[in-house]
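Please read the following explanation with the structure open beside it, and look up each residue as it is named.

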Amino acid sequence: MVEVTLPIATGTNGYKKFTIADSGFDCGPCDIFTFYVDINQMKKNQIPIEANVRNPALNTKATRAMAKTLTDVKERKRMWAYNGGLIVICEKAVHTSSGTIKLTIPPEYGLLNGGHTQMAICKALEKEAGPGSFVRVEALKGTFTNTEIARIARARNTSKGVGLTSLLNKEGVFSE
């Protein structure tokens, strides 16, 4: 069992807690906490990655893009917008009076999606990531079977990027 305490980023509007009464999972109701963390807090508050379906690698297109964002003075404050964040499966999540969220993470739980993000953040912190870089954390609190965790992981992992044609269309390149 691991406990990870993540400070809610100063300059954000705290956290949101949602309860899904009929979660569809065996555990029944599921609480979801959503909040932002200053990435400078991530080096000492690593989230276990046992729930992740693949091992993160530094030499991926996505990891390199995150590292570039985090080390670019103009871009690093946009990390929260450019990145999907960290999705964590935990047994307990508690908002403390000191402005933190304390996650209790048993074996087989932890970072469900965002292993590459956490790795890129830690790598950037070896150099300089600078102040004001936030990452979104979504913590799903409940008791899940390994099969349920695998199904959530399959649905939540976004390993394929948006196609170039879709991006160009959004930018208006194809409109008259």
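In this predicted model, there are 2 aromatic pairs. A pair of aromatic rings is described by the distance of the centres and the angle of the planes. One of the pairs is formed by Tyr15 and Phe33, whose rings are stacked, with 5.9 Å from centre to centre and 15 degrees between the planes. This pair links distant parts of the chain, since Tyr15 belongs to strand E2 (residues 15-20) and Phe33 to strand E3 (residues 30-38), 18 residues apart. Tyr15 has a relative accessibility of 28% and therefore counts as partly exposed, whereas Phe33, with a relative accessible area of 3%, is buried.

Phe25 and Phe144 also form an aromatic pair, and here the arrangement is edge-to-face, with 80 degrees between the planes and 5.4 Å from centre to centre. Phe25 lies in the loop between E2 and E3, while Phe144 lies in the loop between strand E8 (134-141) and helix H4 (146-156), so that the pair links parts of the chain 119 residues apart. Phe25 counts as partly exposed because its relative accessibility is 29%, and Phe144 counts as buried because its value is 6%.

Turning to the strands, 3 of them form an open, antiparallel sheet in the order E1-E6-E5. Strand E1 (2-7) and strand E5 (92-95) stand at the edges and have a single partner strand each, which means that one side of each is left without a neighbour in the sheet. From one strand to the next, the twist averages 15 degrees. E1 runs antiparallel to strand E6 (residues 100-105), to which 6 bridges join it, and Leu6 stands opposite Ile101 in E6.

Methods
Residues are numbered from 1 along each chain as its sequence is written. This is a predicted model: local features need pLDDT of at least 70, side-chain atom pairs count only at pLDDT 80 or more; totals for chains, interfaces and linings use all residues. Side-chain values use heavy atoms; hydrogens and water are left out. Rings of Phe, Tyr and Trp (its six-membered ring) pair if their centres lie within 6.5 Å; planes under 30 degrees apart count as stacked, over 60 as edge-to-face and the rest as tilted. Helices (H or I, at least four residues) and strands (E, at least two) are DSSP runs, numbered from the N terminus. Buried means under 20% relative accessible area, exposed over 50%, partly exposed in between (1.4 Å probe, protein chains only). Two strands pair if DSSP finds at least two bridges between them. Axes are lines fitted to C-alpha atoms, for helices over the stretch in contact, and angles run from 0 to 180 degrees between N-to-C directions.
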